[in-house]
Amino acid sequence: ARHRAEVELAAVAELKARQIGVWRSEQLRVAQFAAGYPSVRAAADAPRGGPPDPALAAHVADVLGQVARLQTWAGIVLLAGPEEPLAGWTQPAARLVAALPRMFEAAVAAPDGIVSELRLDDANRPLLDVAVAIRGRAGPLVLLARADASALFADVLERWPVPSETAAGSLGVRDGDRILLMVGETWVARGAPRVESIPAGDLRRPVARAFAGATGLIEGLDYSGTPVFVASRVVADTGWRVQAKIAVGEIEAPLRRPLRIIYVLEAALLSAAAFLLALWWREQTARTRYDARLRDAQERLALAVSGTHSVWDWDLARGTLHLEPPSPLGDGDPVRVIEVEDEHA
């Protein structure tokens, strides 16, 4: 049962981790496509030091806005420096400003000119920031795009390939000495925290053990103290891990039903054995008492016989007389058997 649970959970965790990995790769691919668009390349080659060409900036903003809306991105911006946006499009709540310097410098320093960061914002919404460096004659530009991963995470957390009462997915990322663990809305409705902060050293929790290097089927406790089995897989090129869990009780439940039957049969067999043992003991006790009485009678008979001078046994049907011990007749030798005729009798 444990082996089957390990195989199934590992397959689910691997599938969900790949789902996120494929989605991330698609966002990077589209960001690279946008960075290579002719008007964006023209902006990279345009002279610096003065205000950007308004017509070019407007065209770049229009192109980036169309790409962002098609990809349902929260925002996209073209940067001439860590805090120098040239053109872009953002939703009102995107708030890309905080990420600009960090992502600009990371993209420029990256060997292939592209970096990404999958993280939670202050409202615990999952976001993917992608930055692509554009090498131009006037210096590097960086295209920064932000994708909202909430719909993807919800799909990963909520879907399960087979019906189950306790199976669930979760997504964890390490934040210093703590692990942030996200669960689906179904489990939030059952009382689980939407994002749980777990000490990285709490090895009772399977996710902490997974981040510590544990592999295979990990057994531990969930947020409510329920024993669970967990398989964990890394999301490629990110700090995130996908967990697939199921309660130990659900795995063992099919085994308990035949075990209950076995216990009932065992109890019946034990009862039958106890009954047969009682009968055997009763018979043995009666036999012991009978043997004792027989030995007593034999002893009394032996004592009675040993006290007589001799014993005569006259077989009338055969006409023989047995003497014990053998006795002489007159002056003759002792005899044991004498043939007796009727007239002599």
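Here are legends for a few close-up views of this predicted model.

The model is predicted, so local features need pLDDT of at least 70 and side-chain atom pairs count only at pLDDT 80 or more, while totals for chains, interfaces and linings use all residues. Residues are numbered from 1 along each chain as its sequence is written, and side-chain values use heavy atoms, with hydrogens and water left out.

**View 1. Helix 3 from end to end.** Helices here are DSSP runs of H or I with at least four residues, strands are runs of E with at least two, and both are numbered from the N terminus. Helix 3 takes in residues 54–70, 17 residues in all, and its end C-alpha atoms sit 24 Å apart. At the start of the helix, D53 puts a side-chain oxygen within 3.2 Å of the backbone nitrogen of A55. After the helix comes T72, with a positive phi near 55 degrees.

**View 2. The buried side of helix 3 and its cover.** Buried means under 20% relative accessible area, exposed over 50%, and partly exposed in between, using a 1.4 Å probe and protein chains only. The buried residues of helix 3 are A57, V60, V63, L64, G65, V67 and A68. Their cover includes helix 1 (2–35) and helix 2 (38–45), plus strand 1 (73–81), strand 2 (84–90) and strand 5 (141–148).

**View 3. The largest cavity.** A cavity is a set of points, on a 1 Å grid over the protein atoms alone, where a 1.4 Å probe fits but cannot get out; lining residues have an atom within 4 Å of a point. The structure holds one cavity of 30 Å³ or more, and the largest has a volume of about 250 Å³. It is lined by 19 residues, with S170, L181, R205, D222 and K245 the closest to its centre. Strand 6 gives the largest share of that lining, three residues. Among the other elements giving two or more are helix 7 (206–211) and strand 11 (240–247).

**View 4. T238 in its loop.** T238 is found between strand 10 and strand 11, and is buried at a relative accessible area of 19%. A polar atom of its side chain lies 2.8 Å from the backbone oxygen of V235. The T238 side chain also reaches the backbone nitrogen of W240, at 3.1 Å. Leaving aside neighbours within four places in sequence, T238 is in contact (heavy atoms within 4.5 Å) with R24 and L118.

Technical notes:
Expected span 1.5 Å × (residues − 1). Polar contact = N/O pair within 3.5 Å; in protein donor to acceptor, adjacent residues only side chain to side chain. 1 Å grid on protein atoms, 1.4 Å probe; cavity = no way out; pocket = protein on both sides within 12 Å on 5 of 7 lines; lining within 4 Å. Points joined across faces, edges and corners; volume = space filled by probe spheres on them.
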